[in-house]
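Hello,

Here is the structure we talked about. Please look it over, then read the notes below.

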Amino acid sequence: MVTHVALLSRDQIDQLPERAREVVEYRKSGLSLNHIQGCPLDCAYCIRHTYGLWDQRVPRALMSDAQAVEELVTHRYFQPHVTPVQVFNRATDPFLPVVRPHTLAVLEDLDELGLTNHVLIITRHQMKPEDIERLNQLRYLKVTLLFTYSGIENSDIEPYPSHVAAESLKLMSRPAHRRYRTVLYWRPLVPGLNDSPEHLDSAYRLAAHADATVFTGLFYRNEIADYYKANGLPEPYDDTARRKIVPETLEQRVLATFDAATPLFRKTSCAVAYAHGLPDYNGHYGIGHELCDICPLSQLELCANAHRPPSPERLREVASTLPEARGLVVVDITERAAVVSGLEIEQPRYYLQHSLGFQVHDARHPHRERRHGRADIGWKDERQDD
Ligand code: SF4
């Protein structure tokens with residue numbers, strides 16, 4: 001029997017925090033669809049803390065799957081075949097047993113429209129052989145399953161064990177012929193918690209199963225730090241020196257653990273693009289050596305060939321379709337990135353970036369470039385960019 005999640009009433013929806021009511025939202029790796037919210041897995045570092053949704057442990061729907069797909073594809077930020085999409089990456093796990101039918105329904109609806117967009121599905125849950133069959137029937141979408149794996153053994157921080165995600169990754173990667181791709185999403189890497197040589201070695205061995213691996217630190221935002229403090233959890237970053245220095249050392253150890261034959265990336269979009277044999281849709285190639293020095297040569301070439309700084313006119317033309325980008329000013333365009341000002345919020349910047357396949361930075365954050373640097377992994381910072 002397939003059980004679906006309960007649909008919230010209009011009144012219940014009106015009582016949700018404002019950001020939780022935003023079902024389609026542009027986030028750094030793509031346009032994100034979140035009409036189901038709530039998760040019982042209780043990872044202490046969950047992004048739900050920042051949406052006022054931490055207490056919502058039972059998944060509930062804000063609308064039907066068909067309505068949600070309609071909202072997504074008619075959204076002003078959605079471009080057929082271009083916009084990378086993420087499904088249920090903010091407030092639930094897409095393969096919780098009650099959420100699974102919705103995830104597959106959304107994918108099938110999008111596929112029936114003949115859309116070839118990237119779709120990212122991030123999960124740590126158990127997957128099943130039937131999932132292989134269902135996903136292999138999709139004809140057009142470029143689906144990537146990203147398996148969140150940390151190796152953290154402290155069940156106060158991660159009550160749902162990491163080995164489940166490891167098994168799911170192996171299961172879903174096994175078929176010789178499959179239309180979707182798999183990524184080991186090795187995160188959050190936290191100094192002192194899951195960075196022993198044994199931890200690194202386990203992740204390296206697991207990476208052999210995946211089409212690509214991406215490693216990242218922890219988004220240690222204020223709400224999450226408050227939760228750690230209130231619950232007596234060991235705080236991962238307790239002073240500036242640790243934030244700055246230890247992650248860099250850790251990154252060097254991660255790189256030393258991997259060999260050249262196991263593709264490893266610092267950015268999610270790079271791993272996803274590589275797994276599909278395509279250039280990075282976020283245009284990270286412009287950032288250069290600090291990101292691309294670990295990339296396979298064939299991929300570097302793909303990205304190099306796709307790297308085209310836009311003209312100011314082209315940038316303004318793309319922005320002109322968005323009312324909220326009317327005030328856009330092109331400050332500078334270099335080989336590295338376009339720098340703009342006049343955007344009140346982040347979301348249109350991601351739209352521009354994905355439309356152009358080129359990095360678009362905000363002039364208000366002049367240190368943004370440094371965040372791509374190695375020392376920045378795990379910084380306590382609201383604006384870590386991808
Ligand atoms: S070449 Fe650079 S931008 Fe392209 S996928 Fe590799 S790391 Fe990412």
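**What I found**

Among contacts in the protein chain between residues at least 6 apart in sequence, 73% join residues at least 24 apart. Two residues are in contact if their C-beta atoms, placed from the backbone, lie within 7 Å.

A word on the basis. This is a predicted model: local features need pLDDT of at least 70, side-chain atom pairs count only at pLDDT 80 or more, and totals for chains, interfaces and linings use all residues. Residues are numbered from 1 along each chain as its sequence is written.

**Overall**

The protein chain has 14 helices and 14 strands. These are DSSP runs, numbered from the N terminus: helices are H or I with at least four residues, strands are E with at least two. The chain has 386 residues, and 45% of them count as buried. Buried means 20 or more other C-beta atoms within 10 Å of a residue's own; exposed means 12 or fewer, and partly exposed is in between, with C-beta atoms placed from the backbone.

**Ligand shell**

There are 14 residues around the ligand. Cys-270, His-284, Cys-292, Cys-295 and Cys-303 come nearest. A residue is near if its C-beta atom, placed from the backbone, lies within 6 Å of the molecule. Helices H10 (268-275), H11 (289-292) and H12 (297-306) each supply at least two shell residues. By type, the shell has ten nonpolar, two polar and two charged residues. Here Ala, Val, Leu, Ile, Met, Phe, Trp, Tyr, Cys and Pro count as nonpolar, Asp, Glu, Lys and Arg as charged, and the others, Gly among them, as polar.

**Leu-278**

Leu-278 sits in the loop between H10 and H11. Is Leu-278 buried or partly exposed? It is partly exposed, because 16 other C-beta atoms lie within 10 Å. Not counting residues up to four places away in sequence, Leu-278 touches Ala-273 and Leu-302. The C-alpha atoms of Leu-278 and Cys-303 are separated by 7.8 Å, with the two residues 25 apart along the chain.

**Core**

The largest nonpolar core holds 86 residues. Such a core is a set of buried Ala, Val, Leu, Ile, Met, Phe, Trp, Tyr and Cys residues joined through C-beta atoms within 7 Å. Val-119, Val-183, Leu-184, Tyr-185 and Ala-271 touch the most other members. H10 gives the largest share of this core, six residues. Leaving aside neighbours within four places in sequence, the contacts of Leu-184 include Phe-147, Leu-169 and Ala-210.

Best wishes
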